[in-house]
Structures are given as C-alpha cells and as structure tokens.
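Please keep the sequence and the coordinates at hand while reading.

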Amino acid sequence: MGPQNLSDEIWDLIIANCRCLRVLGLDYLNLKTIPRSIYKLKHLRYLDLSRNNFKILPKSICRLQNLQSLKLDLCLELEELPKKIEKLVNLTHIGCEGCISLTHMPRGIGNLSSLETLSMFVVDKYGFHGSADLSELSALNNLRGELTITNLGFVKNSKEMFRAANLKEKKHLRSLVLVWNDDDDDDDDDDDDDKLLEDLRPHPNLKELRIDGWKGDAKFPSWLSLLTNLVNIEIWGPSKFKYLPSFAQLPCLQQLDIFYLTELEYMDDNGPNGRQGNTEPFFPLLKVLKIWRCPNMKSWWRTTEAIGDDSNEDDTTVIGTSTMAFPCLSSLEIEDCPLTSMPLYPSLDNELKLVKTSSRTLKQTLKMDITSITPSGSISSLPLSKLKSFHVDYIEGLDTHMLDKSLQHFTGLKKLTIGDCKEVDFEGMQWELLKNLSHLEINNNPQLVSLPFWLQHLVQLKGLTVGDCKEVDLEGMQCGLRSLFPVFQHLTSLEELQVSHCEELELSAAGFQIFQDHTSLRYLRLEKIPKCRHLPEWLQ
C-alpha cells in the first residue's frame with residue numbers, strides 16, 4: 001500500500017509514534033490529503049510536502065508553533081495556503097515555487113516578520129477570498145532569494161498598492177519576477193498603466209529581473225539604469241514596448257533575453273556611429289543574448305546610418321575593429337526577427353542560432369578582422385573560429401556560397417543544424433575543415449538526394465539526424481533523400497542515427513546491411529519511411 005492510500009487511522013498511529021520529530025519529508029508521494037493529526041508533531045521545524053497532489057492544507061497545520069520551513073514547491077493543484085498562517089510566528093521559509101493553481105495569499109501573511117523565503121505572492125484576481133493585498137509585502141524586508149509576484153494586472157489602485165509593496169527596501173532579494181496576466185479583458189482596470197512599472201522600483205542589489213506580459217504604456221521605468229548589479233534581464237511579451245532602454249552600460253549584465261515583444265522596433269535610441277569615440281562601456285560582460293519573436297525589429301538602433309547601407313543587402317563592408325561589436329558575447333539566438341543591422345559578434349565561442357532572420361550581420365561579422373591579445377602578444381584570428389554550435393533555419397540570403405564561407409571559419413564547430421535552406425547545394429561545399437564536428441542535423445532540405453560526399457571527412461561524427469527531406473516537384477513527382485550510400489559506410493564513429501519523413505528513402509532488408517558493420521551504433525530511429533517495410537532478424 002502506497003502512502004497516498006493510507007487511512008487517517010494509520011497516519012494517526014504513525015504520528016503518535018513520532019512525537020519528537022523535527023524534520024519530516026513527505027515529498028514526491030502523490031498525496032491527495034495531508035493528515036489533520038500532523039499538528040501533534042509539536043517539535044516539527046522542517047516540513048517538506050513538495051510535489052504532491054493535494055488542493056488544500058489542513059487548518060491544524062497552523063498549530064505547529066515551532067515550524068520554520070514549509071516547502072510546497074510544485075504542488076500543482078494547491079489552491080490556497082492556510083488562512084491562519086500568521087500563527088506560525090517562527091516561519092522563515094515558505095517554498096511555493098511552481099504552485100500554479102494558487103489563487104491568492106492569506107490575509108496576515110505580512111505579519112510573519114521573520115520570513116526570508118516567499119517564492120511566490122499571488123494577487124487575488126477578483127478579491128473574493130478576503131485575501132492579502134500587496135501592502136502585506138511592505139514589512140517583509142528580510143526576503144531573499146527569488147520573489148515572483150503574479151496577476152499584477154488585476155491590482156486595484158495600482159499606484160498606491162505598488163508603492164506599498166515596498167520593493168525598494170528588500171535589499172536581500174536576488175531575483176524578482178513581475179508577472180501581469182494572460183487575460184485581455186482587464187485593460188479598463190488600469191487607468192494609470194504608465195506609472196505601473198515606475199512604482200515597482202526594486203532595491204539596487206537585485207541580480208535578476210524578469211518582466212512578463214506587461215500591457216501598459218510603452219514607457220520603460222527610469223529606475224532600470226540604477227540597477228547596476230543586474231546579471232540577468234528577461235522581458236516577455238505581449239507588451240506595447242516599441243523600444244527598450246539602453247542596457248549597454250549595465251556593468252554586470254551577463255544575459256539578456258527578449259521574448260515575444262511583437263511591437264518592438266529597436267533597442268537603442270542612438271545610431272551606431274553615435275557611440276564612436278564614446279568612452280562609455282558597451283555590454284562589457286554580456287555573454288548570452290536571445291531575441292525571439294520580435295517581427296517588427298529590423299534594426300538594433302533607432303537610426304541606421306552606420307554599418308553599410310540598408311538599401312543594399314550585399315553591402316557588408318566592415319572596417320576592422322572600428323565597427324561596434326559585443327566584446328565578450330558567447331551565445332546568440334535570434335528567432336523570427338528581421339534584424340538587418342545590429343552590433344557584430346566575432347567573439348562567439350558557444351552557440352549561434354539564427355531562425356527566420358537576415359544573414360546580413362553574419363556576413364558582416366565574418367568580414368571582421370580580429371586581433372586577440374595573448375601573453376605572447378597579438379594574434380590575428382578568424383571571427384567565430386571558436387564557435388561550438390551553429391543552428392541556421394529559414395535564413396534570408398543564405399545560399400551555398402554563404403554557408404560554405406561560414407563553415408570555413410567554424411573550425412572548432414562540434415554541432416551543426418541546417419534547416420529549410422532550399423538554396424543550398426550540399427554537394428558543392430567543402431567541409432573538410434570541420435574535423436571536430438560530432439553532431440549534424442539536416443532538416444527540410446529537399447535538394448538532399450543522398451548523403452553528401454564530404455560527410456566522410458567528418459571522422460568525429462557521433463550523431464546524424466536527417467528529417468523532412470522530401471518535396472513534390474512541378475511535375476508532381478516526389479524528390480528528396482533516396483539513399484544513405486555510399487557515404488554512410490565511412491561514418492565509423494557514428495553512435496546515433498535518426499531519419500524521419502523521408503518518403504523516397506529506400507531501406508529494404510538488403511539495405512539494412514549498411515548498419516551491420518557499425519558496431520559503435522547505439523541509437524537508431526526510423527520514422528515515416530514508407531519504403532522501409534521490414535526489419536532484418538539480425539537487428540535484434
């Protein structure tokens with residue numbers, strides 16, 4: 001019998017024999033109820049109920065006067081905390097991260113003056129529960145770690161309430177997450193949207209800030225430039241932001257994520273030439289930049305009088321190191337964003353992911369001259385030569401020549417993903433330099449009829465994925481990948497092979513012989529290969 005099926009009588013018996021217990025872990029047990037008799041554990045200091053399935057906690061839990069830590073993380077069905085939680089006067093930690101069904105906070109929670117951890121504060125959407133408002137956060141200035149405040153779009157008297165939350169006095173907070181809501185019918189409630197973010201000013205010690213779904217005025221708060229200790233910034237839409245404040249001078253910023261800002265047009269009020277000769281730092285420590293789903297953002301700058309002429313897609317002249325570039329960026333992801341003008345990124349040494357965007361800044365970056373300073377002096381190197389992962393999918397202006405030229409720079413590449421590049425002829429490329437490549441993925445490229453000859457040079461290749469290499473031509477004939485011969489037999493280090501949605505691929509029982517000599521192969525996946533009807537017995 002599992003613990004989730006124990007009767008109240010058995011629980012009572014267990015608890016009666018553990019009266020001196022100080023630490024109790026009941027996490028990961030799929031409990032649908034918590035025994036009422038738990039209050040008899042008078043000496044309990046630490047109670048972990050994480051990852052269970054109960055909707056409410058027994059009222060009696062508020063009689064555990066010595067309780068210091070109550071962990072409820074990822075109790076996905078939990079709807080409310082105990083109403084009399086303020087009676088737990090010694091409580092210092094309430095862990096409720098991921099409790100997505102919580103509807104409100106109990107009134108009086110602000111009296112827990114020793115509280116150091118409160119993972120989430122949920123604003124009551126409709127005010128039906130006699131619940132806590134944001135003013136109950138006012139005195140909780142010992143809070144540390146992460147605080148997530150949800151349903152901010154439903155706050156009444158927002159200017160007064162946001163100031164009452166007193167976030168600027170919470171000097172121990174490391175991370176602050178401000179979540180509005182997903183509802184579209186609350187716009188009339190916020191008649192002072194342009195003041196909302198301004199009145200939620202946090203303490204300058206903050207390390208991480210996330211703003212999620214703010215639908216107010218397109219003006220960003222003035223306090224952002226004062227948060228000089230920020231390491232991570234994450235901004236999620238939908239929102240009305242047409243531009244963002246310059247994050248470039250934040251001295252500690254290491255990661256900047258911009259997601260689903262559908263009205264965003266640019267990131268910086270200055271033109272790129274406006275900063276030349278300027279001694280102000282430009283993202284001095286930024287290592288990771290992600291920009292997803294910003295379909296109206298065509299340029300990083302409000303004006304684009306610099307780096308080439310936007311009217312000429314092929315004009316990618318770059319003059320040495322005078323061009324603005326991220327000094328130490330390691331990873332860059334741009335998805336569904338038509339950026340044709342932005343700071344360049346020659347120092348990338350981890351990942352470059354370009355999906356539904358322009359190839360223009362990649363061309364410019366490849367043309368840069370890089371001089372790196374080492375203890376023995378200056379060494380000139382190719383830009384992006386230390387890149388480990390390159391993912392390119394549906395890129396405007398990416399043809400065989402462009403991709404071939406890029407790969408000649410990527411001598412340190414370990415993982416390569418190419419998708420939806422219909423102008424690329426894989427057979428016409430020279431990839432002998434990719435000696436370190438260990439994983440290759442090719443998707444939605446109907447020109448791929450057989451595995452390219454150059455693959456046999458990839459002696460370190462351990463993983464190969466080919467998918468959706470099919471198309472119907474003008475005469476109604478299927479085209480796409482037909483054979484794995486003769487190159488496959490040279491891939492002697494291959495450990496994983498995945499082939500899917502290749503309707504012309506011939507894999508008869510005899511064709512499977514190509515796998516028989518690959519003793520290193522650990523994982524084989526064949527999906528939607530209609531010409532593969534039987535598996536040979538030796539495969540077992």
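**Charged pairs, strands and rings**

Arg293 has a relative accessibility of 37% and therefore counts as partly exposed; on this scale buried means under 20% relative accessible area, exposed means over 50%, and partly exposed lies in between, with a 1.4 Å probe and protein chains only. The model is a predicted one, in which local features need pLDDT of at least 70 and side-chain atom pairs count only at pLDDT 80 or more, while totals for chains, interfaces and linings use all residues. Residues are numbered from 1 along each chain as its sequence is written, and side-chain values use heavy atoms, with hydrogens and water left out.

Which residue forms a salt bridge with Arg293? The partner is Asp336, and the closest N and O atoms are 3.9 Å apart. Arg293 lies in the loop between β12 and β13, and Asp336 in the loop between β13 and β14 (351-355), so this pair ties together parts that are 43 residues apart in sequence. Helices (H or I, at least four residues) and strands (E, at least two) are DSSP runs, numbered from the N terminus. Asp336, with a relative accessible area of 27%, is partly exposed.

Side chains of opposite charge can pair when their charged atoms come close. The criterion for a salt bridge is a side-chain nitrogen of Lys or Arg within 4 Å of a carboxyl oxygen of Asp or Glu. By this rule the count comes to 15 salt bridges. Arg210 takes part in a salt bridge with Asp212, at 2.7 Å from N to O, and in a salt bridge with Glu234, at 3.4 Å from N to O. Arg210 is partly exposed, with a relative accessible area of 26%, whereas Asp212 is buried at 17%. Elsewhere, Arg482, Glu504, Glu506 and Lys531 are linked in a network of salt bridges.

Strand β18 (residues 415-419) pairs with strand β19 (residues 439-443) in the parallel sense over 5 bridges; two strands pair if DSSP finds at least two bridges between them. Across this pairing, Ile418 stands opposite Ile442 in β19. Strand β19 also pairs with strand β20 (residues 463-467), in the parallel sense and over 5 bridges, and here Ile442 stands opposite Val466 in β20.

The aromatic rings come next. Rings of Phe, Tyr and Trp (its six-membered ring) pair if their centres lie within 6.5 Å; planes under 30 degrees apart count as stacked, over 60 as edge-to-face, and the rest as tilted. By this rule the count comes to 15 aromatic pairs. How are the rings of Trp214 and Phe241 arranged? Their centres are 5.2 Å apart and their planes stand at 45°, so the pair is tilted. This pair links distant parts of the chain: Trp214 is in the loop between β9 (208-212) and β10 (232-236), and Phe241 is in the loop between β10 and β11 (255-259), 27 residues apart. Trp214 is buried, with a relative accessible area of 1%, and Phe241 is buried with a relative accessible area of 1%. In contrast to the tilted pair, Trp300 and Phe326 form an edge-to-face pair, 5.7 Å centre to centre with 80° between the planes. Trp300 and Phe326 are 26 residues apart, each in the loop between β12 (288-292) and β13 (331-335), and both are buried. One aromatic cluster is formed by Trp180, Trp214, Phe220, Phe241 and Phe247.

Two leucines complete the tour. Leu152 is found in the loop between β7 (145-150) and α2 (158-164) and is buried, with a relative accessible area of 1%. Leu152 and Leu134 are 18 residues apart in sequence and 9.5 Å apart in space, C-alpha to C-alpha. Leu74, in the loop between β3 (69-71) and β4 (93-95), is partly exposed, with a relative accessible area of 31%.
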